[in-house]
Amino acid sequence: MYAEVLIEYKVKSLDRSFTYEIPEGLRNIIKVGMKVSVPFGQGDSLINGFVTNIKYDSNLGNLKSIVEVTDRELVLNEELMELGKYLRDTTLCTLISAYQTMLPSSLKIKTIKSNFQKVDTYLKLKMPKEFIKSYLEETKGKNQKEILEILLKEEKILKKDHSASTVKTLLTKGLIEEEKVPTYRIDKENAKDFSKVTLTEDQQNCYDEVMANLDVANTYLLHGVTGSGKTEVYMHLIEQVIKKGKCAIMLVPEITLSMQIVNNFYKRFGSDVAILHSALSQGEKYDEYLKIMRGDAHIIVGTRSAIFAPINRLGIIIIDEEQSESYKQDNTPRYNAIDIAKWRSEYHRIPLILGSATPTFETYARSLKGVYKLLTLPKRVNDAKLPVVKVVDMAEEAKKRNMVLSGYLKEQLKNRLELHEQSILLLNRRGFGTLVTCTSCGYTFKCPNCDITLTYHKSSNALRCHYCGYFLRKPENCPECKMHDIQDSGVGTERLEEQLHKLYPEARIVRMDADTTSKKGSHEKIIQDFKDEKYDILLGTQMISKGLDFPKVTLVGVVSADASLNIPDFRSGERTYALLSQVAGRAGRSGLESEVIIQTYNPDNFTIKMVEMGTFLKNYQYEMSIRKKLKYPPYYYLVGIKVCSKVYEDASIEATKVYNHIKGSISRESIILGPTTAGVFRINSVYRFQIVIKYRHDESLTKSLKEIDEMYIDHKTVYLEIDMNPYYI
Ligand code: ADP
Ligand code: ZN
């Protein structure tokens, strides 16, 4: 017996199956879709691969044998084997990378102990702070000083983030000590809380419509305002699907932002829920996969890649916050989970539900045309009112020297503190100052690897690049003119926090951004503490805007709406509206009177006006008229091609070649633009030129794209990133 094996080899030209002999002992075991280990190439080193076919004859002589089965449980089923080909054809990836995406390659049974609990080791001071301070004055060790200085400010730090030898020295000297903390695992204990709510009339209508067609491949848009109870509709539907012995996949944008939903699912469905997302440890991930494969869990809640969950009896797919860009993978394969969901919905003949308060305009247009079925929840549950939105003109405020917080916002924050109600402030820039310059010579600190300025982070006294992570201790003097005049300007979350403390000394304030949530579990803790009213004000970047349900929040302030408006992208109007109404939707969820204050230098901007009026439809109609004129989605499809190289000339020359090749072969109706420099031209020392194609129907396009893709497979200095239907251009 022989098996054709698609090997895990990075070279695209080897993306095909090779024939191997199946040894006697494995003949009853090996199946199509299984992962096996085979000898390959010079020296016959072992490599993993997927069995794509099994046959009884082979006219090839002298074949090598399969060595072993890598995993007997995690096998790609027939559906997923097919789906892989769809992924290859629509995203232009290799078949092997499609299969690897569907079944993570790291899941090897031998190397992973199932059910282990991960423990993180933290460091904290062992001696009193005063002692440490005097030690710091004496010691010369620069690395030691660095760690101790951080520990004077922060209670705990993660051990593995710091130099092992320095840590050891400090431990031996008895200055610091270790603390082992089991990492956050989801609380499955109080599972199955049978208390169930009765659906409202609107919810019931949506539910009934889907229930009437459980065996049809319909796509629905569940368009419900924030707080309208979409989750409850999902759960009721899933319950019925499970009763029929089928399974459900429910996608959420980011697991940390969706813990409230996940916990609700645990409460309702208990251990029938499996969770799949990238922050799981290897062991946890393996546990969850096995639960699914063995049929112990019927509900899979997860992020993007959970759409590939290996389920045979799929009954429904739900994608919450469908407008979220997290559903699009931004490295190969560049797939969109919504497309995969549609494919699986057709395959199983089951409903797909896209839920959102602010769907993408592509989705909304389809639902108006009847391609998708539109379900609406126009009201909040329990007649809770949507918040009142007030726009503040910051140009006027600047005249009164209110640079960051307007007089009105300050007043309202004070008022909420007095009423013991909570407030949320959104500021989409982390760090302290956003621009660091020398006031003597005008020198500006930029990242050496990227075309972007560095951001000052006060807590670590460092300048950082938010693209590549480049890190520089803040120098005392200007590297150009050597003067002692370095200053930072602009406002990030760190500085805002400091200012709030000064303005409201009694207020309990917590900040949530990438810097305060880097530790596992810290995100959940901030959310829980805020919910438990341990804080009065939550400030943060857009991670505070999504999906959170805080009953006591009655004020939401958007410190600057302009950052989002000014992004030069055809979707920025759509996105700004979505972001602002998402964050606005955090207010007044339990029925208390609530207000949203939006600060901007563009009070007359159309999108801002629409947010003020709370009219999704008008914003949609306006933006659609522009898109029609400018030939953007949903009127046209897009392809984005990036021609990348560390060598500037190579990127530039090849970009023109790519352009000419495509131009010469595509339909006359299609439009090709470029090459231009990409938004941020250089990231991590790589120069990026961009070409954009707009098309409606173009038979020759895919062929042309495949050709240029092949042309650059083995190029020494240049690589291409081809993105079908990119989120950003
Ligand atoms: P959305 O996701 O649409 O913003 P949620 O699903 O978070 O809204 O629901 C908002 C709140 O309303 C939640 O606290 C939820 O428990 C509650 N809720 C939802 N449906 C009902 C119902 N039928 N009866 C009572 N409360 C409900
Ligand atoms: Zn950088």
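Student: Let's start with Glu178. Which residue does Glu178 form a salt bridge with, and how far apart are the closest N and O atoms?

Tutor: The general idea comes first: side chains of opposite charge can pair when their charged atoms come close. Bear in mind that this is a predicted model. Here, Glu178 forms a salt bridge with Lys159, and the closest N and O atoms are 2.6 Å apart. The pair links distant parts of the chain, with Glu178 in strand β8 and Lys159 in the loop between β7 (157-158) and α5 (164-172), 19 residues apart.

Student: Are Glu178 and Lys159 buried, partly exposed or exposed?

Tutor: Read that off the relative accessible area: buried means under 20%, exposed means over 50%, and partly exposed is in between. Glu178 has 34% relative accessibility, so it counts as partly exposed. Lys159 is partly exposed too, with a relative accessible area of 28%.

Student: Next up is Glu179. What does Glu179 form a salt bridge with?

Tutor: Glu179 forms a salt bridge with Lys124, the closest N and O atoms being 2.8 Å apart. Lys124 lies in strand β6 (residues 119-125) and Glu179 in strand β8 (residues 176-182), so this pair ties together parts that are 55 residues apart in sequence. Both count as partly exposed: Lys124 has a relative accessible area of 23%, and Glu179 has 21%.

Student: How many salt bridges does the count come to?

Tutor: With a cut-off of 4 Å between the side-chain nitrogen and the carboxyl oxygen, the count comes to 40 salt bridges. One of them is between Asp202 and Lys379, whose side chains meet at 3.5 Å, N to O. That pair links distant parts of the chain: Asp202 is in helix α6 (residues 201-211) and Lys379 in the loop between β15 (373-377) and β16 (388-393), 177 residues apart. Asp202 is partly exposed at 23% relative accessible area, and Lys379 is partly exposed at 49%.

Student: What about charges on the surface? Which residues form the positive surface patch?

Tutor: For a patch, you look for like charges on residues with over 30% relative accessible area and no salt bridge. In this model, Lys369, Lys628, Lys631 and Arg696 form a positive surface patch. Take Lys628: this residue is found in helix α19 (residues 616-630) and is exposed, with a relative accessible area of 55%.

Student: And which residues make the nonpolar surface patch?

Tutor: Leu368, Leu374 and Leu617 make that one, with an area of about 240 Å². Leu617 lies in helix α19 and is partly exposed, with a relative accessible area of 39%.

Student: Now for the covered parts. How many residues of helix α15 are buried?

Tutor: To read a helix this way, go residue by residue and then ask what the buried ones pack against. Helix α15 (residues 522-531) is mostly covered, with 7 of its 10 residues buried. They are Ser522, His523, Glu524, Ile526, Ile527, Asp529 and Phe530. These buried residues pack against α8 (259-269), β17 (422-426), β23 (509-512), β24 (537-540) and β25 (553-558).

Student: Which residues of helix α14 are buried, and what do they pack against?

Tutor: In α14 (residues 493-503), the buried residues are Thr493, Glu494, Arg495, Leu496, Glu497 and Leu500. They pack against α13 (407-419), β17, β19 (455-457), β22 (486-489), β23 and β24.

Student: On to the backbone. Where are positive phi values found in residues that are not glycine?

Tutor: Glu533 has a positive phi of about 60 degrees although it is not a glycine. Glu533 is found in the loop between α15 and β24 and is partly exposed, with a relative accessible area of 34%. Asn684 also has a positive phi, of about 55 degrees, and is found in the loop between β28 (671-683) and β29 (686-695).

Key: Residues are numbered from 1 along each chain as its sequence is written. Chains are lettered from A and ligands numbered from 1 in the order in which they are written. This is a predicted model: local features need pLDDT of at least 70, side-chain atom pairs count only at pLDDT 80 or more; totals for chains, interfaces and linings use all residues. Side-chain values use heavy atoms; hydrogens and water are left out. Patches are made of residues with over 30% relative accessible area and no salt bridge: like charges are joined within 9 Å, nonpolar side chains (Val, Leu, Ile, Met, Phe, Trp, Tyr) within 5 Å. Accessible areas come from the Shrake-Rupley method with a 1.4 Å probe; for residues, only the protein chains shown count as cover. Lys and Arg count as positive and Asp and Glu as negative; His and the chain ends are not counted. The place of a charge is taken as NZ of Lys, CZ of Arg, CG of Asp or CD of Glu. Helices (H or I, at least four residues) and strands (E, at least two) are DSSP runs, numbered from the N terminus. Buried means under 20% relative accessible area, exposed over 50%, partly exposed in between (1.4 Å probe, protein chains only). Contact means heavy atoms within 4.5 Å.
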